[in-house]
Structure formats: C-alpha cells, structure tokens
Amino acid sequence: MTADKQKETESAAEALKALIREVNRAQPESLNPLPEEFGELRCLEKLWLNENEIEEFPESFRQLTNLKFLNIGKTKITALPDWFSELQRLEELFIWNTG
C-alpha cells in the first residue's frame, strides 16, 4: 500500500469512528443534520439515508465521488444541491415521499 493510500485509509477510518459516535448520539430516525464527517468517507459506495429527518446534504457530501447507490426516500429533502451532478459514479438514486 502506498503512503498516500495508507493516509487516505487512516483518514477514512477516523471519519468513520467520528460518524459512528455522532449516529450513536442521535435517534436513527432523527439524523438531522447529517454529520460533516460523511464527506471523509470517500470510499463509500452505498448509502441508505431513507426514513430520516434529513433536510439537506452537508457541503462535505460532495466529496463522496465513489458513491454508486443512494436512498433518500422518506426524508425531508426537497431539492438536490447544485453540486449533486459531481457525484458522477452515482448509478442508483432512490427518491420517494420526500419533503
């Protein structure tokens, strides 16, 4: 493993630990706002955020460039941010009963 890859992996691991601490403090169905640490999980490919009180994506979310699947059904999201098209690997987006 290269030094850069190792550093990226360690950074993602720290972000995941912080995110887990944040999620554990909240009720799963009331995860709002989304923690900024999501953006550090650059290797993340699938994410289920459905059935939460989420109203918007944090700015750091745009760094999830490996994201292929996203479910935001039954959230309070009413619009996708302008930068959403930067998630070029996104293949499946599930949106229903939002707003």
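Helices (H or I, at least four residues) and strands (E, at least two) are DSSP runs, numbered from the N terminus. This is a predicted model: local features need pLDDT of at least 70, side-chain atom pairs count only at pLDDT 80 or more, and totals for chains, interfaces and linings use all residues. Residues are numbered from 1 along each chain as its sequence is written, and side-chain values use heavy atoms, with hydrogens and water left out.

Me: Why is Thr75 called buried?
Reply: Buried means under 20% relative accessible area, exposed over 50%, partly exposed in between (1.4 Å probe, protein chains only). Thr75 has 3% relative accessibility, so Thr75 counts as buried.

Me: Where does Thr75 lie, and what does Thr75 touch?
Reply: Thr75 sits in the loop between β2 and β3. Not counting residues up to four places away in sequence, Thr75 touches residues including Leu49, Ile54 and Gly99. Contact means heavy atoms within 4.5 Å.

Me: Why is Leu80 called partly exposed?
Reply: Leu80 has 34% relative accessibility, so Leu80 counts as partly exposed. Leu80 is in the loop between β2 (69-71) and β3 (92-94).

Me: How much of the chain is buried?
Reply: Of its 99 residues, 30% count as buried.
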